[in-house]
Amino acid sequence: METMKSARKNHFEAVGSDLSEQIKAATNHNHIRAENTELMLNYQKGQINLQQYKVLLCSLYEIYRALEEEMDRNASHPAVAPIYFPQELARLEALERDLEHFLGSDWRKKVIVPAATLRYQQRLRQVGRENPELLVAHAYTRYLGDLSGGVVLGKITQKSLGLSGTEGLSFFSFPGVSSPNRFKQLYRSRMNGIELTEKQRAEVLEEAVLSFELNIQVFDDLQKMLNVTTESGGRSKRPAAAGLPASPIVQLAVGLCVALSAIGAGIYAM
Ligand code: HEM
């Protein structure tokens, strides 16, 4: 895994007029911040356990559910159609398989996410409804990030969790993409072909920065949730947070519920 210093080699190179170059430059600082969140640093060091991975998967599931439903709904929009690659990129079904693997067949009842994930999801829904051209910023942040780090992060996850096969690791696998680098080039050229007014282009760049920040907030919330859980060590006698359907969530982890109520996080149980 490349380090914070090396991840962005072209930081000081001139930025051209292509959207793909501008978006990379605009989010450079936010990318470094994302890489250096406690959760991502631990991840890169191979310090992720099953409990941490499960809550991360839950949040990714909710994020991709919103992103991909909005992409599908806006598939023919002129700013979305060129970067709409459901066969190659869609992550939702892969996440569903992974969640079923780790949480069991009733995984839908156990999905649990912090407030930051709900905020991210709400923003995706709002953009899909009101400004579909901004979806390019969100799709860029998630899909090009996944394609860039996917293989390495998949290996780290496999090793950290002590998994012998690839079951539970569908999220990292892109069977429809034979060469991530070539695909990223194609994706960038499609982005560059999207017709945007100057105002829209500025808004897309701003949205990409927001998209990174929403990811950072999710990682920070998850880390807080996990810290409290670890501190309580699952020994807490407190009941689950008020208003929760008690049993399925409690089955997932009593400690998580305590953590969520402690940090004022939202919860989403299906
Ligand atoms: C474990 C932490 C991370 C590491 C080590 C990492 C590392 C990298 C590396 C090495 C690249 C390729 C850079 C290049 O080709 O110039 C990259 C690209 C990218 N990463 Fe990350 N990354 C991390 C986390 C994230 C996160 C959390 C996001 C967003 C949610 C993200 C979004 C992106 C995007 C959008 C690109 C494509 C950049 C472009 O070519 O325009 N990364 N990352």
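Modeller: Start with a working rule. Two residues count as in contact when their C-beta atoms, placed from the backbone, lie within 7 Å. This is a predicted model. With the rule in place, 79% of the contacts in the chain between residues at least 6 apart in sequence join residues at least 24 apart.

Colleague: How many helices and strands are there in the chain?

Modeller: The chain has 13 helices and 0 strands. Read from the N terminus, the elements run α-α-α-α-α-α-α-α-α-α-α-α-α.

Colleague: What percentage of the residues in the chain is buried?

Modeller: Burial is a neighbour count. A residue is buried if 20 or more other C-beta atoms lie within 10 Å of its own. Of the 270 residues in the chain, 35% are buried.

Colleague: Now the annotation. Where does UniProt place the feature "binding site"?

Modeller: The unreviewed UniProt entry puts "binding site" at Lys24, His31, Tyr140 and Arg188. Take two of them in turn. Lys24 sits in helix 2, residues 19–26. Tyr140 belongs to helix 9, residues 135–161.

Colleague: Why is Lys24 classed as buried?

Modeller: Apply the cut-off of 20. Lys24 has 20 other C-beta atoms within 10 Å, so it is buried. Tyr140 has 23 other C-beta atoms within 10 Å, so it is buried too.

Colleague: Which residues does Tyr140 touch, not counting those up to four places away in sequence?

Modeller: With those sequence neighbours set aside, Tyr140 touches Ile23, Met191 and Ala208. Met191 is in helix 10.

Colleague: How do I read a helix pair? At what angle do the axes of helix 9 and helix 10 cross?

Modeller: Two packed helices are described by the angle and the distance between their axes. For helix 9 and helix 10 (residues 180–192), the axes come within 10 Å and cross at roughly 165 degrees. Angles over 145 degrees count as roughly antiparallel. Helix 9 and helix 10 are therefore roughly antiparallel to each other. Their crossing is left-handed.

Colleague: Which residues of helix 9 and helix 10 meet?

Modeller: Helix 9 brings Val136, Tyr140, Leu144, Leu147 and Gly150. Helix 10 brings Pro180, Phe183, Lys184, Tyr187 and Met191. By class, the contact of helix 9 with helix 10 holds 8 nonpolar, 1 polar and 1 charged residue.

Colleague: Which residues meet in helix 5 and helix 7?

Modeller: From helix 5 come Lys54, Leu57, Leu60, Tyr61, Tyr64, Arg65 and Glu68. They meet Leu92, Leu95, Asp98, Leu99, Phe102 and Leu103 in helix 7. The contact of helix 5 with helix 7 has 9 nonpolar, no polar and 4 charged residues.

How values were computed. Residues are numbered from 1 along each chain as its sequence is written. This is a predicted model: local features need pLDDT of at least 70, side-chain atom pairs count only at pLDDT 80 or more; totals for chains, interfaces and linings use all residues. UniProt positions are given in the numbering used here, feature names are shortened, and annotations may be inferred rather than shown by experiment. Helices (H or I, at least four residues) and strands (E, at least two) are DSSP runs, numbered from the N terminus. A residue is buried if 20 or more other C-beta atoms lie within 10 Å of its own, exposed if 12 or fewer, and partly exposed in between; C-beta atoms are placed from the backbone. Axes are lines fitted to C-alpha atoms, for helices over the stretch in contact, and angles run from 0 to 180 degrees between N-to-C directions. Angles under 35 degrees count as roughly parallel, over 145 as roughly antiparallel, 65 to 115 as roughly perpendicular and the rest as oblique. A crossing is left-handed if the near helix is turned anticlockwise from the far one by less than a right angle, and right-handed if clockwise. Ala, Val, Leu, Ile, Met, Phe, Trp, Tyr, Cys and Pro count as nonpolar, Asp, Glu, Lys and Arg as charged, and the others, Gly among them, as polar.
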